[in-house]
Amino acid sequence: MNMTATQARQDAGHSQARRPADEAIAADARALSEQLKAMRERLFAPTAMKTLRSFTSGEAAKLIGVSDGYLRQLSLAGEGPQPDTGLGGRRSYSLSDINALRRHLAEQALAKGNAAKARSYLKWRDAEAGEHLQVISVTNFKGGSGKTTSSVHIAQYLALTGHRVLAVDLDPQASLSALFGYQPELDLTGNDTLYGAIRYDAEARPLKDIIRKTYFDGLDLVPGNLELQEFEHTTPQALSARHNGADAGPLFFARVQAALASVADDYDVVIIDCPPQLGYLTLSALCASTSVVVTVHPQMLDVASMNQFLYMTSDLLSVVREAGGELNFDFLRYLVTRFEPNDGPQAQIVGFMRSLFGDRVLTSAMVKSTAVSDAGLTKQTLYEVGRENFTRATYDRAIESLNAVNGEIETLIHAAWGR
């Protein structure tokens with residue numbers, strides 16, 4: 001007698017339950033990986049890799065800081081990169097076109113002796129003038145604080161506004177890498193995360209060999225995966241070896257800093273998405289940082305958790321400082337995330353934080369928006385999807401919030417450079 005479909009499913013469930021836990025979990029991981037791969041191939045056909053949309057002439061003009069009419073004049077005069085022209089003569093620009101236009105306009109301004117105007121177009125830091133590489137760690141060890149979402153939007157905003165950006169995924173769960181189109185178990189083969197540059201043995205590689213270009217012109221990525229967790233295991237061994245007289249190279253808290261210093265000339269800003277725990281990786285990132293952004297969801301349990309995070313961070317960093325680590329931040333800011341302005345208790349908590357921390361709480365907050373979560377369904381950010389994919393009010397509210405937060409961070413970066 002044939003089993004019914006229901007009986008078959010029940011039998012499969014019983015069979016699954018009888019399997020050793022490691023085998024059952026591994027089977028689920030393989031099944032999920034295959035589905036994620038199929039989803040990527042479907043969403044990003046034909047290459048199965050993400051690409052960035054083009055920008056309308058109006059969007060390009062706003063990003064560059066000129067009028068749409070001026071862009072049209074440049075195009076008609078054959079100056080700078082030429083836009084693609086679609087139906088009805090509509091012009092569109094890639095981000096690389098926009099950056100090429102920035103360089104063209106900056107050169108024109110410099111030729112006229114207007115350095116300030118040139119800098120408004122091309123925002124690269126001037127190392128000779130003492131503008132140091134900005135390394136910003138985005139951190140908290142409470143899940144759901146919007147850490148990765150904040151990291152990717154900050155990195156993309158800075159790239160869109162003309163900065164050279166390196167995004168570093170320091171979280172073994174690799175959510176930041178996923179948002180950039182990477183599936184770690186398929187796209188990474190080993191020794192190709194930051195761990196490859198900070199490990200203690202002879203397998204260490206130069207960071208420049210690990211960095212990958214992204215589909216965002218001016219934004220590169222150091223991807224993450226589970227191998228990052230090895231740093232948590234090998235660091236105690238290296239400390240023990242050092243205690244016994246062996247030379248294991250720089251102490252753990254100096255290794256991320258040294259790796260980033262090797263590529264500093266290529267970037268203006270580094271954004272590090274820290275893991276959601278306070279281990280050697282997070283401590284190393286904080287010691288390499290010039291600035292820190294702590295994400296906070298305005299719920300009392302999250303604020304209480306952040307309190308413990310701050311105590312633990314302070315205790316551990318004091319030990320690092322006593323061992324010779326330098327801990328001088330240009331700025332430390334608390335970023336309120338997933339904020340619902342009409343939620344009374346949330347508004348009270350934000351007010352409570354502002355009364356305690358003053359201007360260390362960013363004036364703007366990341367509002368909770370279905371636009372951000374809807375974009376995430378296709379592993380995209382709000383800067384990647386067009387306004388036409390949402391109701392205008394929803395999109396405008398979300399993008400205004402993002403731009404306000406990220407613009408505030410950009411201002412802090414420029415202030416740290418003395419601009």
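**Close-up views of a predicted model**

**View 1. Strand β8 and its two parallel neighbours.** In this predicted model, strand β5 (residues 165–169) runs parallel to β8, and the two are paired over five bridges. Ala 167 has Ile 271 as its bridge partner in β8. Strand β4 (residues 134–139) also pairs with β8 in the parallel sense, over five bridges. Here Ser 137 is the residue that stands opposite Ile 272 of β8.

**View 2. Burial of strand β8.** Strand β8 covers residues 269–273, and five of its five residues are buried, so the strand is largely enclosed by the rest of the structure. Val 269, Ile 271 and Asp 273 are buried on one side of β8, and Val 270 and Ile 272 are buried on the other, so that both faces are covered.

**View 3. Surroundings of Ile 154.** Ile 154 is part of helix α7. With a relative accessibility of 1%, Ile 154 counts as buried. Leaving out residues up to four places away in sequence, Ile 154 touches Val 138, Ile 271, Asn 406 and Ile 409. Between Ile 154 and Asn 406 the C-alpha to C-alpha distance is 5.7 Å, while the two are 252 residues apart in sequence.

**View 4. The ring pair of Tyr 157 and Tyr 383.** The structure holds eight aromatic pairs. In the pair of Tyr 157 and Tyr 383, the ring centres are 6.3 Å apart and the planes stand at 40°, so the pair is tilted. Tyr 157 belongs to helix α7 (residues 147–160), and Tyr 383 to the loop between α16 (370–376) and α17 (392–416); the pair therefore ties together parts that are 226 residues apart in sequence. Tyr 157 and Tyr 383 are both buried.

**View 5. The ring pair of Phe 252 and Tyr 280.** The centres of these two rings lie 5.0 Å apart with the planes at 75°, so Phe 252 and Tyr 280 form an edge-to-face pair. Phe 252 is in helix α12 (residues 252–261) and Tyr 280 in helix α13 (residues 280–288), so parts 28 residues apart in sequence are tied together by the pair. Phe 252 counts as buried at 10% relative accessibility, whereas Tyr 280, with a relative accessible area of 24%, is partly exposed.

**View 6. An aromatic cluster and a charge over a ring.** Phe 180, Tyr 215 and Phe 216 are linked into a cluster by ring pairs. Arg 164 is placed over the face of Trp 124, at 4.4 Å from the ring centre.

Technical notes:
Residues numbered from 1 in each chain as written. Predicted model: local features only at pLDDT ≥ 70, side-chain atom pairs only at ≥ 80, totals over all residues. Heavy atoms only, no water. Phe/Tyr/Trp six-rings, centres within 6.5 Å; stacked < 30°, edge-to-face > 60°. Helix = DSSP H or I, 4+ residues; strand = E, 2+ residues; numbered from the N terminus. Buried < 20%, exposed > 50% of the residue type's maximum accessible area, 1.4 Å probe, protein only. Lys NZ or Arg CZ within 6 Å of the ring centre and 35° of its normal. Contact = heavy atoms within 4.5 Å. Pairing = 2+ DSSP bridges.
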